[in-house]
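Work through these exercises with the sequence and the model side by side. Each task is followed by its solution.

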Amino acid sequence: MAQKKAARKTNAAAAVPPQLLWRKEGADFLVTNDFGHYSWLKKKDFDALLACKVGEGHPLFAGLAAKGFVRDRLDFDSLTAKWRKKNSYLNSGPGLHILVLTLKCNHKCLYCQAAAGGSQARDTDMTPATARACVDFAFKSSNPGITIEFQGGEPLLNWSALAAAVKHARSRAETGGRDLKLALVSNFSLMTEEKARFLMEHEVSICTSLDGPADLHNKNRCFSGGNSHAVTLKWLKYFQKKSANQPAGYRVFKPSALLTVSRYSLSRHKEIIDEYVRAGLEDIFIRPLAPIGYASSHWDKIGYEAGDFAAFYLKSLAYILKLNRSGVVVKEKMASMMLDKIINSRDPGYLDARCPCGADFGQIAYNYNGDLYTCDEGRMVGRDGDEVFKVGNVFKDPYRKVMASDAARACVMSSNLEAQPDCVRCVYKPYCGVCPVYNYEVQGSLWGDMASNDRCGLFKGIFGALFAMLKKPGNEALLRKWVEK
Amino acid sequence: MNNKAGKDAGLRLDAEIYSGEALELAAFVFSDRAAITLKRGKGVFEVFVKDAAAGFTPGDYLNEALNQQCRLDLAGKNSKAAGMIATRALLSAAGDTKKK
């Protein structure tokens, strides 16, 4: 009798489908699981899966079983290996170290999240000694790979600190055997042959901003000293030429560019993408505007709803794929990173879409005075007078104290999707992440409320667009090429 | 929930659904926009809103209260998985990845 009861209990357990996440899209159902697998199902098949009627004779059985959707056919070795690979960032410390070399800037961009001061602003330059101390702090990270990114303001306004940090970091990497990447984000307006040569010789990768055709770029990125768009294109071409003709002794990276989408961009997706292609750029990073820092006070003029951005993003992706079909090599960066998670189960290093988010344990932002923040967005909140995301100072606080700071722990806890009521049931959970800084600024708490959260709506729009495209075999083949490595 | 007419715009919330912790957390979220106080009654919480900023509505508070309650309920169910992920992340970042 007891045996019969046990058998019934076992059968009942086996008859329950494994935990899965789902969303109805049109007539079909998208299902995902924590291992990162996904599948599109017709309604009858979805109903059969939930009713535990996808048996060995079912045509979808083998495919669903291999992906971990059939409870009594779970291959734990394979599935956990996939989960570990997708979440490999949980085993390393901060890899991205953002050095804000100055708050000064000679541009006055409409959306400037950096909350930059004017080029004459005083006392907001990082000293070379502080820059070296920041590098030393970055090398305390438990992550074997370190990326130091120089930002501002406009970092070329503080060349002495930039040069000091670059030399010191290269020296530390050489003696310490660390994998070091250096990156500069600049508007190029102060670039010279001499500075460019130094940056190339020290293998610093270069990234700039390009917001589209001249009129749109210059409207978004006001530069009283000249034509921002012309300067940007001039130096993009310069670095592309150098990269195409690699010198002996060091690598010159292809330059890249970032697009910030303002309200003025929404009707011009084709022109913007065409501008990138004309400029010889093979990646376009379509980044939404966030109502943080300076942008929040101008949101009524330059901001937009999540749905507006999702529509823009979808049109842009469709146009990029159309260009791909005609042989043009160009891809969208955010889609590439999301696809890397979805298709390859790899962590692309996109700190905004991790669980937990990259705050502190994935990245650190170093302010000009050596103050440390969970991320650059957290630093911007501090610039507005609220130091809730400050985690320490390079001169005062040891590395381990910074990693265990109140702000770091609060961000890790609040961006954990397993503890977020809506996210825990969301079909996109295996690939997504929330931002405590955004939540704090827009909704008043680190946790936020995803049901009414615009960033959540925006990410849902992006994932919706990507999965809809992956559903079409012709698109899927093209998108898979984006993440082939 | 019942609206109770009065100068303090009192709300009555079922204590079977809402915990005091969730209601206090929700009140804190709006602390820069309204002075929200709670009073525990028999089976209910009474919520009083004073000095509300323009644009603030009691509905905003109720949405946040529900959000906080769902979060607390979820924490009760999922705290083990969430805790393992958070602990792993923080220990790895601190450089302490050895099993203990």
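**Exercise 1. State what share of chain B is buried, then describe its fold pattern.**

Start with burial. A residue is buried if 20 or more other C-beta atoms, placed from the backbone, lie within 10 Å of its own. By that count, 26% of the 100 residues of chain B are buried. Next, list the elements. Chain B has two helices and four strands (DSSP runs: H or I, at least four residues, for helices; E, at least two, for strands; numbered from the N terminus). Along the sequence they read β-β-α-β-β-α.

This is a predicted model: local features need pLDDT of at least 70, side-chain atom pairs count only at pLDDT 80 or more, and totals for chains, interfaces and linings use all residues. Residues are numbered from 1 along each chain as written, while chains are lettered from A and ligands numbered from 1 in written order.

**Exercise 2. Describe the side of chain B that touches chain A.**

Count contacts (C-beta atoms, placed from the backbone, within 7 Å). 22 residues of chain B meet 26 residues of chain A. Helix H2 (residues 58-94) of chain B supplies the largest share, 18 residues. By type, this side of chain B has 13 nonpolar, six polar and three charged residues (nonpolar: Ala, Val, Leu, Ile, Met, Phe, Trp, Tyr, Cys and Pro; charged: Asp, Glu, Lys and Arg; polar: the others, Gly among them).

How values were computed
Contact = placed C-beta atoms within 7 Å. Buried ≥ 20, exposed ≤ 12 C-beta atoms within 10 Å, placed from the backbone.
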